[in-house]
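Visitor: I would like to learn how to read helix packing and confidence in a model like this one. Please take me through it.

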Amino acid sequence: MNLDKLHNKLVAVARKNPPGDQVPYAFEQRVMARLSTAPRFDEWAAWARSLWYGAAVCAAVAVLMSVWSFSPDGEQDLAANFSQDLEQTILSPADAENPW
Amino acid sequence: MRTSFRHRAHPQDPRNNFLCFEQQLRPLPLRSGFFVSALPDMGESARMERTDADSIAAVLKGDTASFEPLVAKYSPRVFATARRYARRESEVEDIVQEVWSKAFQKLSSFRGEAPFEHWLMRLAVRTCYDFLREHQRNRETSFTELSAPESDWLDTFVAAPESASDEASAARELIERVLAMLSPAARLVITLLEIEDRSVKEIAELTGWSVPLVKVRAFRARAEMRKCLQRITREKYL
């Protein structure tokens, strides 16, 4: 079967049969009733809300960082070992050149 | 001249205060000379646009009731658009209500550089796309058997493509079924590009996508539709 032909045929069918544009009875009134009951979008309120969200996220990050900074000594040992290793690695060529 | 008038007439334009905008839109006698010189041959369309602008200005001033004429005037267009993407009438009504709700909330962002209808249709298409994405799970991912009329129409098409009627309800059902199988982006692109015969640039403006993105999505959409058709015909004839 030629799928391109079928594709074109079905598109032609859809073009020839556009959907209707009937509007249900009293639809405008329904929309207006909904709009009058719905709270109006307040940009300042949305901005304030997003600031509060941002503040909450910042506070959470601050708490996490504090907890991390007070974490056990294992980290300090690791840091000490790391500095020792680094020093040894950097100075090893100098030690090799000056054996005395 | 027309564009500059619209631009100057915009209520939020810093170069014009709101009172000035209203005065420009008042039909007669205030500044009628301005209208004659600025809009020499706009006739009925200019008067219609002035009506829309009047309503919009009133709504922005806080007169919510002035929104109703806009709803009454443009609802048929919005309904026709929504019916392309939703089958059930309750869903269509939900989409249209959502469009008007968004239009009301975002009315202050309407800058008056293009007709209100264009701005509204952009909103409608984007709302329909959101609807399709929300209902993505419900789409017909698994192929269900064709109905007897659909099957007959397909048989007729296979035997003699020209004799298969474009008006048959079975054909309409079949294209509806194929569109329902597509992903939201593919369905939107196929509908706008092939069924509504819009240009890539128009689609880019309506959807907010870039022109290259529309082209890429159109290519993928055609491939996706081809796969769906392949699947339907394979199930039927193999």
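Visitor: Which term describes how helix 5 of chain B and helix 6 of chain B lie to each other?

Guide: Start from the angle between the axes; values over 145 degrees count as roughly antiparallel, and 65 to 115 as roughly perpendicular. In this predicted model, helix 5 (residues 68–82) and helix 6 (residues 89–105) of chain B pack at about 130°, with axes 10 Å apart. The two helices are therefore oblique to each other. Their crossing is right-handed.

Visitor: Which residues make the contact?

Guide: Helix 5 of chain B contributes residues including Leu70(B), Tyr74(B), Val78(B) and Ala82(B), and among those from helix 6 of chain B are Val92(B), Ile95(B), Val99(B) and Trp100(B). By class, this contact has 11 nonpolar, 1 polar and 2 charged residues.

Visitor: At what angle do helix 2 of chain A and helix 5 of chain B pack?

Guide: The angle is about 115°, and the axes are 9 Å apart. This crossing is right-handed. Phe27(A), Val31(A) and Met32(A) are among the residues on the chain A side, with Val71(B), Ser75(B) and Phe79(B) among those on the chain B side. The classes here are 6 nonpolar, 2 polar and 2 charged.

Visitor: Where in chain B is confidence lowest, and where is it highest?

Guide: Where pLDDT is low, predicted coordinates should not be read in detail. Helix 3 (residues 32–38) of chain B has the lowest mean, 36, and helix 10 (residues 184–195) of chain B the highest, 95. Residues 1–44 of chain B have pLDDT below 50, yet this stretch has 54 contacts beyond near neighbours in sequence. Chain B as a whole averages 79. The model scores ipTM 0.71 and pTM 0.67.

Key. Residues are numbered from 1 along each chain as its sequence is written. Chains are lettered from A and ligands numbered from 1 in the order in which they are written. This is a predicted model: local features need pLDDT of at least 70, side-chain atom pairs count only at pLDDT 80 or more; totals for chains, interfaces and linings use all residues. Side-chain values use heavy atoms; hydrogens and water are left out. pLDDT is the predictor's confidence in each residue, from 0 to 100. Helices (H or I, at least four residues) and strands (E, at least two) are DSSP runs, numbered from the N terminus. Contact means heavy atoms within 4.5 Å. Axes are lines fitted to C-alpha atoms, for helices over the stretch in contact, and angles run from 0 to 180 degrees between N-to-C directions. Angles under 35 degrees count as roughly parallel, over 145 as roughly antiparallel, 65 to 115 as roughly perpendicular and the rest as oblique. A crossing is left-handed if the near helix is turned anticlockwise from the far one by less than a right angle, and right-handed if clockwise. Ala, Val, Leu, Ile, Met, Phe, Trp, Tyr, Cys and Pro count as nonpolar, Asp, Glu, Lys and Arg as charged, and the others, Gly among them, as polar.
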